[in-house]
Amino acid sequence: MSFRARTAGAFTLATLSTGMSALLAPGAALAHGAPEFPISRQYNCFKNPSLPACQAAIAYGGEQAIYDWNGVNQANANGNHKAVVPDLKICAGGQEKFKGFDLARADWPATAYSPGADGKYEYRYNATAPHRSLNWTFFLTRDGWNPTTSPLRWSDLEQVQQLGPDQIVTSGKTIYTMKLTLPKRTGKHVLFSAWQRSDSTEAFYACSDVDFGGGTTPPGTPSDMKQIGQVSAAQDLPPGSTVKLRVFNGAGNDLETISITLGTAAAKAVWLGQIAAKVNQTSGYLKVGTLQGGSVIVPSGATVMDVYLQHANSGASYAMDVVLPTTPPNPPGGTAWTEGASYTVGQIVNYQGRQYRCLQAHTAYVGAGWTPASSPTLWQAI
């Protein structure tokens, strides 16, 4: 048995499925995008709903928020962002259903953020429904901001840049790339973006947690490495499982495959750390982990890690595959759970030799990792 773990390489299935999510997500009206780097809270929770901060956001604000991850908007903003997005509701874009993303927590996953060789910080936005831009306005939390004190207020933020449409590079019709000049910061901060359309009064909002480093690591160290996506561990693995990270060139041809085979059962953070360490030791194209001071390290206990090109212009992409050992046959009754299918409340499915009952109607989006075993808000073992 095998499954494809979520990645963000140019040729992966996850990239394609994300672009279609606005059409597929239940109740997703006017869904138009979110930052993929540094990844925003709503996009990260859509991709990795089992993260502790995301579970807390879902418990507080409801699960619809992650289905509608690309619709954090205000229809009548017209550039008056402070008027339509009040204090304490900034990361939610002022919308009640997204209020979980405003929770004041220390464990919101932060993207290690360093400038490129040009001294500027890259910002990429996955526009699932592209629109013409009037401008993009960026705000950064001030020195001394504490993520656990309270949800964000406008007084916590400093406007650091505003870009016009001529400063945006579009690739693949849906990815907007920008270069930001940011003031010096150390440690964890929030980068808040406001995208104002030129063909409508509608605007879109997002909070991206970032880590500029600090302490013994020089903050903001320029690097030729470029973040191109993430790999995540959706579940613990049994003995005999094989994890492969495959690397492709710009034409989609195989360049290399790095793999590990587990001799014993491994928790998801353990096996992800093992494959990341081997990639960093052997790959000629990629690094996996957290960028600190120009180098990539493997963080302890992480179930989501960034993937970097060692050379920003190499054009390489990647996919991570997990091959499980033979599993026991499905018990009688119910159908086999399948990634990409839609499920209704009360439906019974078989997964890895167990049966589960659906608790909430949903679509198991390809690459999201919403397996019955790892999604207790969606499935109940019976």
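A disulfide is here a pair of cysteine sulfur atoms within 2.5 Å, and the exercises below apply that cut-off to a predicted model.

**Exercise 1.** Determine how many disulfides the structure holds, and state how the bonded cysteines pair in sequence order.

*Solution.* The structure holds two disulfides. One of them joins Cys-45 to Cys-54, with an S to S distance of 2.0 Å, and Cys-91 and Cys-207 form a disulfide in which the sulfur atoms are 2.1 Å apart. When the bonded cysteines of the chain are numbered in sequence order, the pairing reads 1-2, 3-4.

**Exercise 2.** Describe the link of Cys-91 and Cys-207, and explain which parts of the chain the pair ties together.

*Solution.* The link of Cys-91 and Cys-207 is left-handed, with -85° about the S-S bond. Cys-91 lies in the loop between helix H5 (81-84) and strand S4 (111-112), whereas Cys-207 lies in strand S11 (residues 203-211), so the pair ties together parts that are 116 residues apart in sequence. As to accessibility, both Cys-91 and Cys-207 are buried.

**Exercise 3.** Classify Cys-358 as buried or exposed.

*Solution.* The relative accessible area of Cys-358 is 1%, so Cys-358 is buried.

Conventions: Residues are numbered from 1 along each chain as its sequence is written. This is a predicted model: local features need pLDDT of at least 70, side-chain atom pairs count only at pLDDT 80 or more; totals for chains, interfaces and linings use all residues. Side-chain values use heavy atoms; hydrogens and water are left out. Helices (H or I, at least four residues) and strands (E, at least two) are DSSP runs, numbered from the N terminus. Buried means under 20% relative accessible area, exposed over 50%, partly exposed in between (1.4 Å probe, protein chains only).
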